[in-house]
Number of protein chains: 2
Amino acid sequence: MMGRNGKGRILALCGGVGGAKLALGLAQIASELLTVAVNTGDDFTHLGLHISPDLDTVLYTLAGLADPLKGWGRAKETWNFMAALKQVGDEDWFQLGDMDLALHVERTRRLSSGETLSAITRIFSKKLGIIADIVPMSDDPVRTQVVTDKGILPFQHYFVRERCSPQVKSIVFAGAEKAALSEGFSAALNDPDLAAIIICPSNPYLSIDPLLSLSGVKEGLAGSPAPVIAVSPLIHGQAIKGPTVKIMAELEVSPNALSIARHYGDLLDGFVVDDKDEDVLAPLNAMGLETRAVSIHMQSLDDRIALASCVLDFANDIRISRNA
Amino acid sequence: MMGRNGKGRILALCGGVGGAKLALGLAQIASELLTVAVNTGDDFTHLGLHISPDLDTVLYTLAGLADPLKGWGRAKETWNFMAALKQVGDEDWFQLGDMDLALHVERTRRLSSGETLSAITRIFSKKLGIIADIVPMSDDPVRTQVVTDKGILPFQHYFVRERCSPQVKSIVFAGAEKAALSEGFSAALNDPDLAAIIICPSNPYLSIDPLLSLSGVKEGLAGSPAPVIAVSPLIHGQAIKGPTVKIMAELEVSPNALSIARHYGDLLDGFVVDDKDEDVLAPLNAMGLETRAVSIHMQSLDDRIALASCVLDFANDIRISRNA
């Protein structure tokens with residue numbers, strides 16, 4: 001049984017940039033207890049290479065290799081491959097840094113030889129000195145497709161090639177109905193001693209919904225003894241980065257933290273909003289949610305650790321109040 | 001019919017570094033008439049990428065992009081991919097520069113989508129501003145394998161991973177009996193107006209023999225109206241670069257220009273040796289070969305052009321004497 005100190009495992013559901021920041025904070029506090037289940041709906045094959053953008057962002061972030069400004073890719077990256085590719089090829093809309101490319105080439109090579117994405121991610125984590133358990137949500141292909149006014153676009157075409165400019169009508173996760181949870185995700189989700197499930201502040205529609213779309217995940221969240229806590233990806237109606245607000249407007253949802261909480265609905269036990277958004281606390285409480293209002297703008301490493309610490313304390317408090 | 005001015009096509013058989021130098025000289029004089037048929041026996045799949053080392057060396061050399069010191073790879077290359085690969089992977093014995101990698105990735109992508117190596121090479125040539133016609137010897141796989149005291153090694157394992165240290169017993173070209181000549185090679189070889197066939201100063205055993213091993217090539221050389229001229233890859237018993245002399249010793253052949261001429265045998269009409277090797281002229285003439293002795297050490301671009309010019313004049317002289 002779970003003790004008050006919360007030494008059970010922590011499961012974080014995570015997309016790319018924003019989510020990875022909180023995952024880093026969690027890893028700084030409790031790397032040996034942490035499983036980060038990462039969205040692979042953005043994965044795609046480009047130039048014959050299997051690219052897993054969110055997995056790479058989480059790997060680079062937890063390894064201390066991430067570009068601190070861009071939020072994706074590697075620090076001190078160089079772009080000589082891209083320059084040479086432009087000389088001989090046409091498919092140059094997706095930026096591949098010289099160092100970043102090494103993971104894509106090595107991952108593709110290993111996948112071709114029959115290794116699973118989980119096994120490859122474990123190897124990369126180990127080689128990069130990461131202690132937390134980073135797992136793809138599934139080893140089966142799930143492909144996020146964005147239904148827009150310009151047609152159905154594979155995620156990266158929408159996100160990178162078209163720079164999120166088409167109007168989003170809906171989002172589908174092709175393959176999700178058939179995809180099995182990765183062993184690591186499934187084990188963490190069904191761990192009877194799980195201490196917390198944290199939905200990181202990634203884009204709910206593009207980055208978290210793919211995880212939730214997999215068979216057994218919603219049931220796992222509902223059945224887990226661990227409190228399920230989401231951190232809002234919006235501060236006062238604005239995302240730090242990315243098209244969340246634009247997409248919410250296109251989906252005719254008010255772009256604020258309350259809408260995010262409603263989107264996750266009954267899955268949540270607690271919701272963390274920015275302290276600039278205290279006006280949503282009352283309606284959140286009215287939904288039956290426990291709440292915290294703190295600064296969720298993670299600019300420094302200390303910010304990431306502080307937010308992670310707050311979220312873990314919050315989970316602990318919910319567990320204690322349940323057991324009281 | 002061929003005129004005295006020799007405006008017919010020129011066919012060069014070429015391997016990597018040494019051969020590419022002469023090919024560049026030829027391209028400087030007669031790029032629009034030149035077909036360079038390149039050894040693909042060194043091609044291999046590495047990290048899932050199709051790598052064509054000799055084709056790339058010829059492409060880079062004729063595009064003015066080659067590393068002037070190494071002789072292979074690109075000038076101003078960077079190695080950040082390799083550094084990152086060493087962090088996450090094990091297969092790091094073959095050096096892949098960041099810019100060089102672009103050709104491997106794009107070539108692999110196009111091959112996977114069903115394009116031929118010839119078509120891809122044509123596209124790369126065009127994009128890199130090369131006027132001469134660079135063609136792989138075949139679009140079918142031919143793989144040079146070196147039979148050594150350490151077993152049978154794929155060419156790159158022998159050449160790069162083992163640094164040519166195993167003792168060579170023989171060399172085989174797997175697939176050669178089934179491989180068809182590429183259309184470009186076949187068309188040039190069988191051109192009734194061909195002005196010259198030039199065997200570039202590449203390693204005869206490793207780089208030229210793969211071309212000669214293909215069905216129809218020896219017959220094509222014998223039946224062509226064009227003089228067949230080889231340029232010695234040795235100067236006074238030494239190769240400028242590479243394991244030619246070591247291999248000759250292991251094959252129990254005297255490491256000198258005369259042995260090279262004997263190796264090509266009846267295929268040749270003329271043989272160009274270095275002016276330091278004038279002692280071999282009499283035995284070469286006794287074999288029935290026309291000869292030239294000039295400086296064949298190509299250090300500068302002018303050296304390359306001068307040797308190319310000499311070879312073309314030599315071919316012209318042989319044609320004139322035949323028609324006299």
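Biologist: What radius of gyration does chain A have, and what would a compact globule of 324 residues have?

Modeller: This is a predicted model, and every value here is computed from it. A compact globule with 324 residues would have a radius of gyration near 20 Å, and chain A agrees with that at 19 Å. Along the principal axes, the C-alpha trace of chain A spans about 65 × 40 × 40 Å.

Biologist: What percentage of chain A counts as buried?

Modeller: Burial is read from neighbour counts: a residue is buried if 20 or more other C-beta atoms lie within 10 Å of its own. In chain A, 52% of the 324 residues count as buried. The contacts can be read by sequence separation as well. Among contacts in chain A with a separation of 6 or more, 67% are between residues 24 or more positions apart. The secondary structure of chain A comprises 13 helices and 14 strands.

Biologist: Which residues touch the most other members of the largest nonpolar core?

Modeller: That core holds 181 residues, and the ones touching the most other members are Ala12, Ala23 and Ala37 of chain A, together with Ala12, Ala23 and Ala37 of chain B. Take Ala37(A) as a case. Leaving aside residues up to four places away in sequence, Ala37(A) touches Leu11(A), Leu13(A), Cys14(A), Val135(A), Met137(A), Phe185(A), Ala188(A) and Leu211(A).

Biologist: How should I read a helix pair, and at what angle do H1(A) and H2(A) cross?

Modeller: Read the axes, then the handedness, then the residues that meet. The axes of helix H1 (residues 17-30) and helix H2 (residues 53-62) of chain A come within 9 Å and cross at roughly 35 degrees. The crossing of H1(A) past H2(A) is right-handed. From H1(A), Val17(A), Ala20(A), Ala23(A), Leu24(A) and Ala27(A) meet Thr57(A), Val58(A), Thr61(A) and Leu62(A) of H2(A). By class, this contact has seven nonpolar and two polar residues, and no charged ones. Ala23(A), on the H1(A) side of this contact, is also one of the core residues named above.

Biologist: How many residues of chain A are in contact with chain B?

Modeller: An interface can be read by count, then by element, then by class. Here 24 residues of chain A are in contact with 24 residues of chain B. On the chain A side, helix H3 (80-88), helix H4 (98-112) and helix H5 (117-127) each supply at least two residues. H4(A) gives the most, with ten residues. The residues on that side divide into 13 nonpolar, seven polar and four charged.

Biologist: Why is Asp313(B) classed as partly exposed?

Modeller: The class follows from the count: Asp313(B) has 13 other C-beta atoms within 10 Å, so Asp313(B) is partly exposed. Asp313(B) sits in helix H13 (residues 301-323) of chain B. From C-alpha to C-alpha, Asp313(B) and Ala196(B) are 9.9 Å apart in space, while 117 residues apart in sequence.

Definitions and conventions: Residues are numbered from 1 along each chain as its sequence is written. Chains are lettered from A and ligands numbered from 1 in the order in which they are written. This is a predicted model: local features need pLDDT of at least 70, side-chain atom pairs count only at pLDDT 80 or more; totals for chains, interfaces and linings use all residues. Two residues are in contact if their C-beta atoms, placed from the backbone, lie within 7 Å. Helices (H or I, at least four residues) and strands (E, at least two) are DSSP runs, numbered from the N terminus. Ala, Val, Leu, Ile, Met, Phe, Trp, Tyr, Cys and Pro count as nonpolar, Asp, Glu, Lys and Arg as charged, and the others, Gly among them, as polar. The radius of gyration is taken over C-alpha atoms; the globule rule is 2.2 Å times the number of residues to the power 0.38. A residue is buried if 20 or more other C-beta atoms lie within 10 Å of its own, exposed if 12 or fewer, and partly exposed in between; C-beta atoms are placed from the backbone. Axes are lines fitted to C-alpha atoms, for helices over the stretch in contact, and angles run from 0 to 180 degrees between N-to-C directions. A crossing is left-handed if the near helix is turned anticlockwise from the far one by less than a right angle, and right-handed if clockwise. A nonpolar core is a set of buried Ala, Val, Leu, Ile, Met, Phe, Trp, Tyr and Cys residues joined through C-beta atoms within 7 Å.
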